[in-house]
Amino acid sequence: MTFTENGRVKFVAQPRTGVSSRTGEQWQSVVFVIETADRFPRTIAYTLFGEDKITAANLKLGELVSVVGEVESHEYNGNWFSDNRCYDILTNGISRLVQAQMFKS
């Protein structure tokens, strides 16, 4: 199930890189945090995968964004972990990732 959450960018980590043990291909991800503007603000961390998506997102501290994401869980050594995956970032209702693809050609 996909969801959209609005908030201000509070933190952007340095991108992490690695090589997939399954495919042998390089990957890159970045964790960023938003704080919602609810009556009781929540702080939510998201993970964005892909160098092209990270570049297109161009996240800046303090900016107001809408994050389209999904919660994904996985098991490791008998323990379960959940991750908020970011699939798109909207500013004023416009997708940054789609916009980057349009101007790429």
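Is Phe32 buried or exposed? In this predicted model, Phe32 is buried, with a relative accessible area of 0%.

**View A. Strand 1 meets strand 5.** Here you can follow strand 1 (residues 2-12) alongside strand 5 (residues 64-76); the two run antiparallel and are joined by seven bridges. For a handy landmark, look for Arg8, which stands opposite Leu64 in strand 5.

**View B. Strand 5 and strand 6 form a hairpin.** Strand 6 (residues 79-91) runs antiparallel to strand 5, and eleven bridges join them. Glu72 stands opposite Asp83 of strand 6. Two residues sit between the strands of this hairpin, where Asn77 takes a positive phi near 50°.

**View C. Phe3 and Tyr46 make a tilted pair.** Searching the whole structure turns up two aromatic pairs. In the pair shown here, the ring centres of Phe3 and Tyr46 are 6.3 Å apart and the planes meet at 40°, so the pair counts as tilted. Phe3 is partly exposed at 26% relative accessibility, whereas Tyr46 is buried at 0% relative accessible area.

**View D. Phe32 and Tyr46 make a stacked pair.** The ring centres of Phe32 and Tyr46 lie 5.6 Å apart with planes at 25°, which is under 30 degrees, so this pair is stacked. Phe32 belongs to strand 3 (residues 26-35) and Tyr46 to strand 4, so the pair ties together parts 14 residues apart in sequence.

Technical notes: Residues are numbered from 1 along each chain as its sequence is written. This is a predicted model: local features need pLDDT of at least 70, side-chain atom pairs count only at pLDDT 80 or more; totals for chains, interfaces and linings use all residues. Side-chain values use heavy atoms; hydrogens and water are left out. Two strands pair if DSSP finds at least two bridges between them. Helices (H or I, at least four residues) and strands (E, at least two) are DSSP runs, numbered from the N terminus. Rings of Phe, Tyr and Trp (its six-membered ring) pair if their centres lie within 6.5 Å; planes under 30 degrees apart count as stacked, over 60 as edge-to-face and the rest as tilted. Buried means under 20% relative accessible area, exposed over 50%, partly exposed in between (1.4 Å probe, protein chains only).
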